[in-house]
Amino acid sequence: MARRCPECYAELPEDAVYVCPTCHYTLRTPTFAKVGLVLMVIGVGLLAVFVYGPEKLGLESGIMPTDLARLTIANFPLLVVGAFGLGSLLVVAAALKVRGEQARVAAA
Ligand SMILES: [Zn+2]
């Protein structure tokens, strides 16, 4: 049973993973794009917490070891930038991968 493109119903060859060779429809989003998006959402969430004040979260009330809580609060901007930066990096990498296959398909 051959796979078909949901957009133009052309049969898809084995090597068409992300892009339909007939209509250039994006067949699927690479998994790491989704991971990247989740990380970006986490980054935005962390930013909101940062604006609110990480010390108000009650991290020092005993849920986690005091040292770890202090460390988390001290490095909070780093966490925000890290999650958001890594997230956008993954999204860009995924976009480039899809673009790469589109270019390959267009050249063929
Ligand atoms: Zn198609």
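Visitor: How many residues does helix H3 have, and what distance does H3 reach from its first C-alpha to its last?

Guide: A helix can be checked by comparing its span with an expected value at 1.5 Å a residue. In this predicted model, H3 has 32 residues and reaches 46 Å, close to the 46 Å expected.

Visitor: Which residues of H3 are buried?

Guide: Burial is judged by counting neighbours: a residue is buried if 20 or more other C-beta atoms lie within 10 Å of its own. In H3, the buried residues are Val80, Ala83, Gly87, Leu90, Val91, Ala94 and Glu101. What covers these residues includes helix H1.

Visitor: At what angle do H1 and H3 pack, and are they roughly parallel or antiparallel to each other?

Guide: An angle over 145 degrees counts as roughly antiparallel. H1, residues 31-52, and H3, residues 76-107, pack at about 155°, with their axes 7 Å apart. The two helices are therefore roughly antiparallel to each other.

Visitor: How do the residues of the contact of H1 with H3 divide?

Guide: They divide into 21 nonpolar, four polar and no charged residues.

Visitor: Where is arginine 3, and why is it classed as partly exposed?

Guide: Arginine 3 lies in the segment before H1.

Visitor: What distance separates the C-alpha atoms of arginine 3 and proline 13?

Guide: These C-alpha atoms are separated by 7.9 Å, although the two residues are ten residues apart along the chain.

How values were computed. Residues numbered from 1 in each chain as written. Predicted model: local features only at pLDDT ≥ 70, side-chain atom pairs only at ≥ 80, totals over all residues. Helix = DSSP H or I, 4+ residues; strand = E, 2+ residues; numbered from the N terminus. Axes fitted to C-alpha atoms, helices over the stretch in contact; angles between N-to-C directions. Parallel < 35°, antiparallel > 145°, perpendicular 65-115°, else oblique. Nonpolar A, V, L, I, M, F, W, Y, C, P; charged D, E, K, R; others polar. Expected span 1.5 Å × (residues − 1). Buried ≥ 20, exposed ≤ 12 C-beta atoms within 10 Å, placed from the backbone. Contact = placed C-beta atoms within 7 Å.
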